Amino acid sequence: MIRNGFFSLLFIACLTTCYYDNEENLYPELGQTCDLTNVTYTLTVKPILQSYCLSCHSTAAATSSGGGIKLENYTDFKTYVTNGKFYGSVTHTAGYSAMPKGGGTLDNCSLQKLKKWIDNGALNN
C-alpha cells in the first residue's frame with residue numbers, strides 16, 4: 001500500500017511540475033532574421049573579419065600564428081576570396097583548411113552576409 005501511494009505521489013508530482021523551456025530560449029537563432037540589405041566590405045565584411053579572423057591573420061600576427069595569410073586589408077583579403085580559399089575555409093568545406101582553426105563555423109548570419117558580398121562581386125565598398 002505504501003508502495004502504491006509512493007508511485008501515485010510520484011506520478012502526480014511529474015504531472016504538476018513546471019516546464020518553462022520554450023523554442024525562443026532553446027533556439028534563439030530561429031527567431032532572428034539576417035539582414036542582407038546593404039552588405040558592404042566596410043560595414044559588413046570588415047567587422048566579421050575583425051571578430052573572427054584578425055587575431056591570427058592581421059599583418060602583425062600572420063607570420064607567427066596565421067600561416068603567413070594576411071586578411072587585414074582589402075587587397076590581401078580579396079586574393080583569398082577570388083581563389084575560393086576564404087569561403088571554403090570558413091564554411092569548413094572538404095579540401096579546405098577549416099577556419100577559425102580549432103573552432104566551429106561562423107554563425108549562419110555571418111556566413112550568409114559573406115556569401116552575399118562575394119556573390120555581389122566582392123567589391124571594395
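This is a predicted model: local features need pLDDT of at least 70, side-chain atom pairs count only at pLDDT 80 or more; totals for chains, interfaces and linings use all residues.
Start at Thr 40. Thr 40 sits in the loop between helix H2 (23-26) and helix H3 (41-52). Thr 40 is buried, because its relative accessible area is 11% and the cut-off for buried is under 20%. What does Thr 40 do at the N-terminal end of H3? Thr 40 caps that end. A side-chain oxygen of Thr 40 lies 3.0 Å from the backbone nitrogen of Leu 43. Leaving aside neighbours within four places in sequence, Thr 40 is in contact with Val 45, Trp 117 and Asn 125.

Now follow H3 itself. Tyr 41, Thr 44, Val 45, Ile 48 and Leu 49 are buried in this helix. These residues cover an arc of only 115 degrees around the axis, so they lie on the same side of H3. Which residues are exposed on the other side of H3? They are Leu 43 and Ser 51.

What do the buried residues of H3 pack against? Their partners are helix H4 (54-57), helix H6 (74-82), helix H7 (85-90) and H8.

Side chains of opposite charge can pair when their charged atoms come close. The side chains of Lys 115 and Asp 119 meet in a salt bridge, with an N to O distance of 3.1 Å. How many salt bridges does a search of the whole structure find? The search finds one. How accessible are its two residues? Lys 115 counts as partly exposed, because its relative accessibility is 35%. Asp 119 counts as exposed at 52%, since the cut-off for exposed is over 50%.

The structure holds one disulfide. Cys 34 and Cys 109 form this bond, with their sulfur atoms 2.1 Å apart. Cys 34 lies in the loop between H2 and H3, and Cys 109 lies in helix H8, so the pair ties together parts that are 75 residues apart in sequence. Thr 40 is placed in the loop between H2 and H3 too. Is the disulfide left-handed or right-handed? The torsion about the S-S bond is about 80 degrees, so the disulfide is right-handed. Cys 34 is partly exposed, with a relative accessible area of 22%. Cys 109 is partly exposed as well, at 23%.

Cys 53 is in no disulfide. The nearest cysteine sulfur to Cys 53 is that of Cys 56, 9.1 Å away. Cys 56 is partly exposed, with a relative accessible area of 31%.

Definitions and conventions. Residues are numbered from 1 along each chain as its sequence is written. Side-chain values use heavy atoms; hydrogens and water are left out. Helices (H or I, at least four residues) and strands (E, at least two) are DSSP runs, numbered from the N terminus. Buried means under 20% relative accessible area, exposed over 50%, partly exposed in between (1.4 Å probe, protein chains only). Contact means heavy atoms within 4.5 Å. A salt bridge is a side-chain nitrogen of Lys or Arg within 4 Å of a carboxyl oxygen of Asp or Glu. The arc is that of the directions from the helix axis to the C-beta atoms. A polar contact is a pair of N or O atoms within 3.5 Å; within protein, one must be able to donate a hydrogen and the other to accept it, and residues adjacent in sequence count only if both atoms are side-chain atoms. A disulfide is a pair of cysteine sulfur atoms within 2.5 Å.
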